[in-house]
Amino acid sequence: LPEDSVEEMGREWPEALVPTLLAFLIGLGPDKPNEGSNEGAAAERVRSSALLLMASALRQGRVGDLEAVASLGGEEARPGVSVKLGLDILVAWACEAPALTPEASAALESGPFAVQVRRCVVVSMHDGAAKEQRDAAFFLVLALFKTALGGRWVLEPKGSATELGSTSILILSAALTEIRLMMDEALMLSDAAFTSEAGKCPRLLLDPDERGLRCARLSRMLPVCLRILELSIGFLCEADDTSGDAMGWAGFPSKSLLSIQQILVDMAKSAVEFLGDARRVLESLVRHAKPLAGEEASPEEHTFLSRLCVETAQALSCWLAEEELGLFMEELKTSNCVPFLVTLSKYAQDNADSGPAPNDQANDVLVIWLPIFAKLLEEEGGALMLAEDGVLDAVANLVTRQLGPALDPALDPALEPGLEGSTSRQVVPLLWAMDILTGLVSGEESSRLVVSSGHFQGSLGDHPAFARTWPCLVQACAVLPEISALSAPGLASLADHALALLLLLERARGSDEKELPCEAAIANFLDRFNRGQVEAELEWAGAVALTRQSSS
């Protein structure tokens, strides 16, 4: 059947289709029979088509069909039947984000389906399981975590022989072990790709095909395992069930919660260590990646490891946002993790600027860490770390580059109310960025802290990064009255933050506020503040007092 007709026909699949396809796939045998032969290739095409039809039929939400598939790896698994077949079918179904009714979700969460899937995952994550089967199990866990079932399908029912939370701990422990192994392998593959010898060109050590396969698996599986741990943090933060029964992860026994916390702490420490080691490997690649046999050196070594670093940084930021940063301050300092993240962000931005089209994700490394950088300001020595490790420059560049484009659409008369939805991805990072700059310039350390960063050495308040933001802040203040009249509170808040930061910068520099080219913005701000239309957060750092003083 043509692939584009499957969804159309999927609305009318008969009830007998899933059992028929299931029997057919079981009879077809292993995933890749007679690999390399024409018969094997044909069988694999047929198998892929059958899986596609099966996933389409399962999306009708028949609980019985899903339970039949899950039983392949459950207690009723038949001898010779591949557990991975059940995993592949369920992954194909769950990856399409099926729309489940509340009744179907409840039946799947607490019925035979959840029992069989838990057993299938546990069996597949055992050390003796094949790597392909383990990978499929991780894919299934992530896919189910992202469906309407969330993390509830892993919860053991009351009266079960196993303690509540045991399955979750096993899954997270297996994911952490896999993450550590893959991080070590990624460093080894990147470090062994080129070896410098005195007076010689770098020498390729690994077979390119073998290395390509291993790198492809790492690029595919490391983000999956990291995402599983990342989502588990959200499940732990969810409230208990509204019925009064502690059905969520928050209802785990204290022993289970402590075990999960330790797993997440170990993940964070492994991530910090990996980023520090990756930084050294990438620096080595930059030094030794000379042309081989007269050809241009490929940037694949950089992009492969850099992508893994970005994924690792995202998972690490999710945990650090919930954990007390003081526990990791020393690790962040000794590993040089923070300046490395800034370098990754700059590398991504340079590649985006030179590419055929702009990349909206170019600043993601920096953006996802903005809340952590803001949190670092509260730690002892945090301001100095941000100033000397390049964060201050990177954040100032972010504001300088994106503040104008974020506010410009607000002045387009063709746009309808609710226009800020299209710019929210820019607004939120910019608010974080200006909060960081505000915290740095208004803190007690801004005048007495001596910073040595690049070619600059002086007090934090005199850092040239602040001066670079001046023109874009003035432009934002110039359009503040027009923006505040629109039904776009996010954009108005952005302009208000720009005004407050501008005034704080001038106070730090000792300038006369009467010379500021933003009298209309100050008057508009004070008028809305007096009427209670300005966010309470803007009272930080004496910004309101400064606007009153400036207007008088």
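Tutor: A residue counts as buried when its relative accessible area is under 20%, as exposed when over 50%, and as partly exposed in between. The model is a predicted one. In helix H5 the buried residues are Val83, Lys84, Leu85, Gly86, Leu87, Asp88, Ile89, Leu90, Val91, Trp93 and Ala94.

Student: What makes H5 largely enclosed by the rest of the structure?

Tutor: Eleven of its twelve residues are buried, so the rest of the structure largely encloses H5. For the protein, 48% of the 552 residues count as buried.

Student: Why is tryptophan 93 called buried?

Tutor: Its relative accessibility is 0%, and the cut-off is under 20%, so tryptophan 93 counts as buried. Phenylalanine 113, at 1%, counts as buried because the cut-off is under 20%.

Student: The structure holds seven aromatic pairs. Why is the pair of tryptophan 93 and phenylalanine 113 called edge-to-face?

Tutor: Rings pair if their centres lie within 6.5 Å, and planes over 60 degrees apart count as edge-to-face. Here the centres are 6.2 Å apart and the planes stand at 80°, so the pair is edge-to-face.

Student: What makes this pair a tie between parts of the sequence?

Tutor: Tryptophan 93 lies in helix H5 (residues 83-94) and phenylalanine 113 in helix H7 (residues 112-124), so the pair ties together parts that are 20 residues apart in sequence.

Student: Why is the pair of tryptophan 369 and phenylalanine 373 called tilted?

Tutor: Planes under 30 degrees apart count as stacked, over 60 as edge-to-face, and the rest as tilted. The planes of tryptophan 369 and phenylalanine 373 are at 45°, with 5.8 Å from centre to centre, and the pair is tilted. Both residues are buried. They are four residues apart in helix H15 (residues 364-376), which means a separation of about one helical turn.

Student: Which residues have the most contacts inside the largest nonpolar core?

Tutor: Trp93, Trp153, Phe373 and Leu403 do, in a core of 157 residues. Helix H11 (residues 254-288) gives the most to this core, with 13 residues. Beyond its neighbours within four places in sequence, phenylalanine 373 is in contact with Val338, Leu366, Leu386, Val391 and Ile436.

Student: Why does cysteine 318 count as partly exposed, and cysteine 472 as buried?

Tutor: Cysteine 318 has 25% relative accessibility, which is between the limits of 20% and 50%, so it counts as partly exposed. Cysteine 472 has 9%, which is under 20%, so it counts as buried. A search of the whole structure finds zero disulfides.

Student: Is tryptophan 319 buried or exposed?

Tutor: Tryptophan 319 has a relative accessible area of 7%, under the 20% cut-off, so it is buried. Tryptophan 319 sits in helix H12 (residues 300-322). Apart from neighbours within four places in sequence, its contacts are Ile233, Gln261, Leu264, Val265, Met267, Ala268 and Phe328.

Notes: Residues numbered from 1 in each chain as written. Predicted model: local features only at pLDDT ≥ 70, side-chain atom pairs only at ≥ 80, totals over all residues. Heavy atoms only, no water. Helix = DSSP H or I, 4+ residues; strand = E, 2+ residues; numbered from the N terminus. Buried < 20%, exposed > 50% of the residue type's maximum accessible area, 1.4 Å probe, protein only. Contact = heavy atoms within 4.5 Å. Disulfide = S-S within 2.5 Å. Core = buried A, V, L, I, M, F, W, Y, C linked by side-chain atoms within 4.5 Å. Phe/Tyr/Trp six-rings, centres within 6.5 Å; stacked < 30°, edge-to-face > 60°.
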